[in-house]
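This report describes one protein model for a reader who has not seen it before. The sequence and the structure come first, and the description follows.

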Amino acid sequence: MMKFATFENTVEMIYKVCHSNSKRRVQQCLQLEVSFAGGYIAGILCAIVSHPADNLVSFLNNAQGATVGDAVKKLGMWGLFTHGLPLGIVMIGTLTGAQWGIYYSFKVFVGLPTTGGSPPTAQSAK
């Protein structure tokens, strides 16, 4: 859920801050870039939020009979939050950006409204 909310809010913020004109006036190629950037930012935030739990699960799977307390003692709170985080950010950010780019391209291909503003009204479509 966080990925979707972050993506939607990020894309809307990019259009508000970087493009003073509306989304309808921005070329489709640039809209794809905005979609990828929004997805990448959403991926970064998701990587940061999920990373401590990922480290914990990885530790518990590798250490037979270990408990959560053992993991915290061995890794420490700092290690739990930061061990391997840069790689996770690059990996999850890139994958999420690519997923949103593909999703955007599919929506354009089938004629659905894209992210970053309300769909065109019936009057503006005429």
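## Overall make-up

The protein chain has five helices and zero strands, where helices (H or I, at least four residues) and strands (E, at least two) are DSSP runs numbered from the N terminus. Read from the N terminus, the order of elements is α-α-α-α-α. This is a predicted model, in which local features need pLDDT of at least 70 and side-chain atom pairs count only at pLDDT 80 or more, while totals for chains, interfaces and linings use all residues. Residues are numbered from 1 along each chain as its sequence is written, and side-chain values use heavy atoms, with hydrogens and water left out.

The pLDDT, the predictor's confidence in each residue from 0 to 100, has a mean of 84 over the protein chain, and 85% of the residues reach 70 or more. Residues 120-126 have pLDDT below 50, and beyond near neighbours in sequence this stretch has one contact in the model; a contact means heavy atoms within 4.5 Å. Where pLDDT is low, the predicted coordinates should not be read in detail.

Of the 126 residues in the protein chain, 30% are buried. Buried means under 20% relative accessible area, exposed means over 50%, and partly exposed lies in between (1.4 Å probe, protein chains only). Among contacts between residues at least 6 apart in sequence, 72% join residues at least 24 apart.

## Helix α1

Helix α1 has 17 residues, which at 1.5 Å a residue should span 24 Å; its end C-alpha atoms are 23 Å apart, which agrees. The expected span is 1.5 Å times one less than the number of residues. The buried residues of α1 are Thr6, Phe7, Thr10, Val11, Ile14 and Tyr15. They lie on the same side of α1, because they cover an arc of only 160 degrees around the axis, taken from the directions from the helix axis to the C-beta atoms. These buried residues pack against α2 and α4. The face turned away from the buried side of α1 carries the exposed residues Met13, Lys16 and Val17.

## Aromatic pairs and core

The structure holds four aromatic pairs. Rings of Phe, Tyr and Trp (its six-membered ring) pair if their centres lie within 6.5 Å; planes under 30 degrees apart count as stacked, over 60 as edge-to-face and the rest as tilted. Two of the pairs are listed here.

| Pair | Centre to centre | Angle between planes | Type |
|---|---|---|---|
| Phe4 and Trp100 | 5.4 Å | 90 degrees | edge-to-face |
| Phe7 and Trp100 | 3.8 Å | 5 degrees | stacked |

Phe7 lies in α1 and Trp100 in α4, so their pair ties together parts that are 93 residues apart in sequence. Trp100 counts as buried, at 7% relative accessibility. Phe4, Phe7, Trp100 and Tyr103 form one aromatic cluster.

The largest nonpolar core has seven residues: Phe7, Val11, Ile14, Tyr15, Val34, Ala42 and Trp100. Such a core is a set of buried Ala, Val, Leu, Ile, Met, Phe, Trp, Tyr and Cys residues joined through side-chain atoms within 4.5 Å. The elements that give two or more residues to this core are α1 and α2 (28-62), and α1 gives the most, with four. Not counting residues up to four places away in sequence, Ala42 touches Lys3, Thr6 and Phe7.

## Glutamine 28

Gln28 lies in helix α2 and is exposed, with a relative accessible area of 51%. Leaving aside neighbours within four places in sequence, Gln28 is in contact with Tyr104 and Val108. The C-alpha atoms of Gln28 and Ser105 are separated by 9.5 Å, and the two residues are 77 apart along the chain.
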